[in-house]
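Okay, everyone, thanks for coming.

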Amino acid sequence: MATHALVSQYVQDVKELDSYLTGSPITITGSTLSLSQIAAIALYPPSSSPSNNPIKIQLTDDQHVKAKVSASRAVIESKVAAGISVYGVSTGFGGSADTRTDDPIALGAALLQHQHAGVILPTYAPSSSTAIPTLSSLNSNALPSPAPLSDPFTSTTMPPPWTRAALLVRANSLMRGHSGVRWELVQKMTELLNKGVTPVVPMRGSVSASGDLSSLSYIAATLIGNPAIRAWVPLPHPSSAISSTSSTPLSTGTSSPQSSPELSPFSASIPLPPSTDTLNLPTDTLEVDNYGSYALLPAPQALQVAGITPLPLTSKEHLGILNGTAFSAAVSALVVRGARGISVLGAVLTAMSVEAMLGARGSFDPFVSEARPHIGQIHSARLMHTLLTGSSFASEHEVEVKLEDDAGVYSLRTAPQWLGPQFEDLANAAQVVITEVNSTTDNPLIEPPSASNNQTGQVHHAGNFQALALTNAMDHVRLSLAHIGKLMFVQLTEIVNPAMNRGLFPNLAGGEVGLDFAFKGVDIAAASYVGELNALGGMNVGVGNVSAEMHNQSVNSLALISARYTLTALDVSTLLAASHLIVICQALDLRALGVELCEALPGLIRSSLLNTFPSLTDNTTITSLVAAIIPALTETLERTTTLETNARMYKVASASVVPLVTALSTSPVQGAELSALPVFITSVAAGLVNKLTELRCAYLGVAWRGPTPASKYLAPRTRALYEFVRVTLGVRMHGAGNLRGDVFGMRDGLEGVDGTIGNGISVICEAIRDGRVGRVVVGMLEGIEGL
């Protein structure tokens, strides 16, 4: 059962992807395509850089697979030769299937023509003679054009990874031998992938009913070299043959390509003049991405640059490319893979939140889940219970407390019951997607000759192109991401809230609370993220379909639309997870600081007692007095975090009066000496102020002890992610600028060297997206059995 393996499948997925990134080839067979293989091909395109070691696809050498493709093709050829009418070969399409023709090639061209209806901005025409007139060309005195509200190109075209994934999925489907196409077509599609030619495909326009017709038509057009269609292609080395570019105001490039290995090399930018270009490329259409490795060219030139010969399509092949769910399945595959990672990360962050909030590992005791044996709950509880082994912050068992003290742990102790259903739904969704990418989704389907059809082959007209299985899966994934996001948000906001965070500073301030509001903005941003997730999660795309195409596609799945919205939910979930992680790391540091402050209490109290009450000479008596005072001080420390330091520590020290006077009543201290109580309070308060200042300096870098002061208190497994954030990513504890008093804008002449809190979240977000956090998490999971 898929529900038995979400975590182990996730671990396998990360390791499998890394194997391809380190040189293992990808062989497609038509039936074994994995999420990792799709991610490898989609997210890591070939580059013109000589140092790049591209991931290559190879087709299986299994002769049985090739024979099935050949047999399927022979059925089509025999039907055409015999003059037998076959849908999409001699008939029109969909609601126009009552038309007839004896020219299957012209029919295929007409199929592509009417499906090239997608909108891509800015407007592009292959030559000046066919250019669409613009307002400025009609009237030289026209008003200036307004700036677009969104980037015209990226908001109307699919990101290249989607298209590369769809190419792979479609090639894998066509080689199953049910589509009536040639083996050469599969080879040509694979050649596009291996050489990095990626068609530009409109973002919208597919109802995912008779497949993703319009979207796939742009792949077919690129294969035949249609000059009206454009494609990305790696520029030949050296890249100096094309001059570097400056981005448009709305460029999608990033300023730091080294920051994230997964950043796309594709980015639309302004046309460039020629340099030492020897390929005679048309300079009026030449566009180069921000890394100087990819150009956006008309399909014939893109194929020429890549050294690919266009492939004229023959009967049935136009329809064979278009009539499938490849784009819906491809985007779904990329999304469900990411969502699976978010679900596991959600469990990891919950375990770390338990440490930050001094929660109980015992909430995840196996007995609890065995009493309610939902498999997702069992696995998520086992995961979190094991992650917390060896933690100094997480208690082994829950302790009964007053009701008012229990408010902040509900989101922690019920986490297995909350995450468990998401584990199950996401595992099921992943299985649906894996089945889909290894299926034949054409119409008609070609059954090769066999005894059951008198060795003549049979053409089946059915509906495998209806992608509602993917719609349902994506709708469920989106809902799961909303549930996971809700849990992360509640934990985050409770950690930030001094009324619930068990003694941490309000907003997790590292500096003085009156001038350091730290993660208050993150708390607000997180609320916006979860609000958006709630809207996305409550959306049921599958029930919103309408009739299309002469009422022929009377029900349509809208699977690609659902996958797109789910990708948005995944992006928002990633922002929320990154925000949650940075908040947890800050809370862990402050928790460690608080532990060290409490550890200093006995010494401070003892010193103040000796200095204030000279008659106290017996060590046993002093020790008993210290023990009597400490509970009141620690309780007051936890309740006064919202106060400015001096006022807070005076109030904390004052809390010693009642227990001290009570204890002194049986000590050698004379009544007259009790008049020195104010001196004792002042001494303790001053000692606490000095100690807190010393610890802040040590933790925040003024008198630094290192970037990971909380490490020694954490469980060995959770420590790995905390140290990855603090050391590898270099995201340090917040508050140094507040402690130094040099936050930019506090006074004139400050340089603002600390950057923003959002910068730190962005760094973590990139590390989640590019897989580095995933690799750390997989390391944390090593050796955990039964997941």
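This is a predicted model: local features need pLDDT of at least 70, side-chain atom pairs count only at pLDDT 80 or more; totals for chains, interfaces and linings use all residues.

Find helix α22, residues 645–654, and then α24. Their axes come within 8 Å and cross at roughly 130°. Angles of 65 to 115 degrees count as roughly perpendicular and those over 145 as roughly antiparallel, so α22 and α24 are called oblique to each other. The crossing itself is right-handed. So which residues of α22 and α24 meet? On the α22 side you've got Thr645, Asn646, Arg648, Met649, Tyr650, Val652, Ala653 and Ser654. They meet Ile681, Thr682, Val684, Ala685, Leu688, Val689, Leu692 and Arg696 in α24.

Just after α24 comes glycine 701, with a positive phi of about 105°.

Helix α2, residues 35–43, packs against helix α7, residues 160–174, at an angle of about 130°, and their axes are 8 Å apart. That makes α2 and α7 oblique to each other, and their crossing is right-handed. The contact uses Gln37, Ile38, Ile41, Ala42 and Leu43 from α2, together with Pro161, Arg164, Ala165, Leu168 and Val169 from α7.

On to strands. How many bridges join β4 to β6? Five, and the strands, with β4 at residues 230–234, run antiparallel. One of the pairings is proline 234 with tyrosine 294 in β6. Is β6 mostly covered or mostly open? Mostly covered: five of its five residues, 294–298, are buried.

Most residues other than glycine have a negative phi, and most peptide bonds are trans. You'll find lysine 316 in the loop between α10 and α11. Is lysine 316 buried or exposed? The cut-off for buried is under 20% relative accessible area, so lysine 316, at 2%, counts as buried. Asparagine 507 also has a positive phi, about 60°, and sits in the loop between α17 and α18. With a relative accessible area of 11%, asparagine 507 is buried.

Then there are the cis peptide bonds. The bond from leucine 121 to proline 122 is cis, with omega near -5°, and proline 122 is in the loop between α4 and α5. The bond from asparagine 443 to proline 444 is cis too, again with omega near -5°. Proline 444 lies in the loop between α16 and β7.

Last stop: leucine 787, in the segment after α28. How far apart are the C-alpha atoms of leucine 787 and glutamine 9? They're separated by 8.9 Å, although the residues are 778 apart along the chain. Leucine 787 is buried as well, with a relative accessible area of 10%.

How values were computed. Residues are numbered from 1 along each chain as its sequence is written. Side-chain values use heavy atoms; hydrogens and water are left out. Buried means under 20% relative accessible area, exposed over 50%, partly exposed in between (1.4 Å probe, protein chains only). Helices (H or I, at least four residues) and strands (E, at least two) are DSSP runs, numbered from the N terminus. Two strands pair if DSSP finds at least two bridges between them. Axes are lines fitted to C-alpha atoms, for helices over the stretch in contact, and angles run from 0 to 180 degrees between N-to-C directions. Angles under 35 degrees count as roughly parallel, over 145 as roughly antiparallel, 65 to 115 as roughly perpendicular and the rest as oblique. A crossing is left-handed if the near helix is turned anticlockwise from the far one by less than a right angle, and right-handed if clockwise. Contact means heavy atoms within 4.5 Å.
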